Amino acid sequence: MLFPMATSKSIQLIECPRDAMQGWGSFIPTSEKIRYLNALLKVGFHTLDMGSFVSPKAIPQMADTREVIRGIHHTGGTSKLLTIVANSRGATDAMGYDEIDCLGFPFSISPTFQLRNSNATMEASLEMVAEIQNLCVKRRKELVVYISMGFGNPYGDAYNESIVWEWVDKMVQLGIGTVAVADTVGLATAQQVGTILSTLIPAYPNTVFGVHLHATADNWEPKMAAALAAGCQRFDGALKGVGGCPMAGNTLVGNMDTARMIPYLKQLHQLKGIDEAALSAATSIADELFVQLNH
């Protein structure tokens, strides 16, 4: 299913090994994380979402992010490195690493999930975003805000498109240059994706809008096609489609599979700079790593 697109700009493809790894029950050895990330850095992704500065009690899998950063070979590569932070303390910690280009902040428009994910209200979290944005500006890093539960939530919290637009506007007013609408638990329909993005993108022409979609092998393509048709420039994915948010407390729905997204985007002439040999090598490590983790 190929839809006409509203943009001729090259797509930013974000590979998310952090999201792929964080929900596994068994701890992935630090050396294996480093090996995988170093392989992914050779592929040519726009950005690697590679770790997080959050409480190890909340996400034990990411407790070694500092050691991982010290082990990766970023010199000479084109991929930006992004780490997730949930508060100002985490952002301050991330600032100590020159290798990190971007910070990602998950801002949930579900009050229940925002409390569960960061132990803060939405109002307090908005103030936190402002603090982190100011810190990023001073330290010449980019803050990416993820509008979590951006297509609905499983908790019965109020949700409609106006709520999405209201909170996105607040982020834009704070100077956030990249906003990704996140389908945290895989609820989004293709129609929702198209409607929300086709409203946001023309309304804020100076903002890069992306999607972090969780999907299955059966429904990823309609969602992606709808986003492309609306003019979306930025897509998150993970090789093998693994991942999901352990903080949601629901059955995990995996990430969009990058291995499916790449040929799809190439067919549309929307993706450049991917090294196929490096992608094959990274995929082999993913096959080995995640099969190993399942047994």
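Helix axes here are lines fitted to C-alpha atoms over the stretch in contact, and angles run from 0 to 180 degrees between N-to-C directions. Helices (H or I, at least four residues) and strands (E, at least two) are DSSP runs, numbered from the N terminus. With those terms, helix α8 (residues 190-203) and helix α9 (residues 220-229) pack at about 15°, their axes 8 Å apart.

This is a predicted model, in which local features need pLDDT of at least 70, side-chain atom pairs count only at pLDDT 80 or more, and totals for chains, interfaces and linings use all residues. Residues are numbered from 1 along each chain as its sequence is written, and side-chain values use heavy atoms, with hydrogens and water left out.

**Helix packing: α8 with α9**

- Angles under 35 degrees count as roughly parallel, over 145 as roughly antiparallel, 65 to 115 as roughly perpendicular and the rest as oblique.
- α8 and α9 are therefore roughly parallel to each other.
- Their crossing is right-handed. A crossing is right-handed if the near helix is turned clockwise from the far one by less than a right angle, and left-handed if anticlockwise.
- On the α8 side, Ala190, Val193, Gly194 and Leu197 make the contact (heavy atoms within 4.5 Å). They meet Pro222, Lys223, Ala226 and Ala227 in α9.
- By class, the contact of α8 with α9 has six nonpolar, one polar and one charged residues. Ala, Val, Leu, Ile, Met, Phe, Trp, Tyr, Cys and Pro count as nonpolar, Asp, Glu, Lys and Arg as charged, and the others, Gly among them, as polar.

**Helix packing: α9 with α10**

- The axes of α9 and α10 come within 12 Å and cross at roughly 45°.
- That angle makes α9 oblique to α10.
- The crossing of α9 and α10 is right-handed.
- α9 contributes Trp220, Glu221, Met224, Ala225 and Leu228 to the contact. α10 contributes Arg260, Met261, Tyr264 and Leu265.
- The contact of α9 with α10 divides into seven nonpolar, no polar and two charged residues.

**Helix packing: α7 with α8**

- Helix α7 (residues 161-173) packs on α8 at an angle of about 35°, with the axes 11 Å apart.
- α7 passes α8 in a right-handed crossing.
- Glu161, Val164, Trp165 and Val168 of α7 meet Thr195, Ile196, Thr199 and Leu200 of α8.
- Five nonpolar, two polar and one charged residues make up the contact of α7 with α8.

**Aromatic pairs**

- The structure holds six aromatic pairs. Rings of Phe, Tyr and Trp (its six-membered ring) pair if their centres lie within 6.5 Å; planes under 30 degrees apart count as stacked, over 60 as edge-to-face and the rest as tilted.
- One of the pairs is tyrosine 204 with phenylalanine 209. This pair is tilted, at 6.2 Å centre to centre and 50° between the planes.
- Both tyrosine 204 and phenylalanine 209 are buried. Buried means under 20% relative accessible area, exposed over 50%, and partly exposed in between (1.4 Å probe, protein chains only).
- The ring centres of tryptophan 220 and tyrosine 264 are 5.5 Å apart and the planes stand at 75°, so this pair is edge-to-face.
- That pair links distant parts of the chain, with tryptophan 220 in helix α9 and tyrosine 264 in helix α10 (residues 258-267), 44 residues apart.
- Tryptophan 220 and tyrosine 264 are both buried.

**Backbone: positive phi**

- Most residues other than glycine have a negative phi.
- Arginine 140 is not a glycine, yet has a positive phi of about 60°. It sits in the loop between α6 (122-139) and β5 (142-148).
- Arginine 140 is exposed, with a relative accessible area of 80%.
- Methionine 149 also has a positive phi, near 55°. Its place is in the loop between β5 and α7.
- Methionine 149 is buried, at 0% relative accessible area.

**Individual residues**

- Valine 168 lies in helix α7 and counts as buried, at 0% relative accessibility.
- Not counting residues up to four places away in sequence, valine 168 touches Ile147, Val179, Leu200, Tyr204 and Phe209.
- The C-alpha atoms of valine 168 and tyrosine 146 are separated by 9.6 Å, and the two residues are 22 residues apart along the chain.
- Threonine 283 lies in helix α11 (residues 276-293). Threonine 283 is partly exposed, with a relative accessible area of 23%.
- Threonine 283 and leucine 213 are 20 Å apart, C-alpha to C-alpha, and 70 residues apart in sequence.
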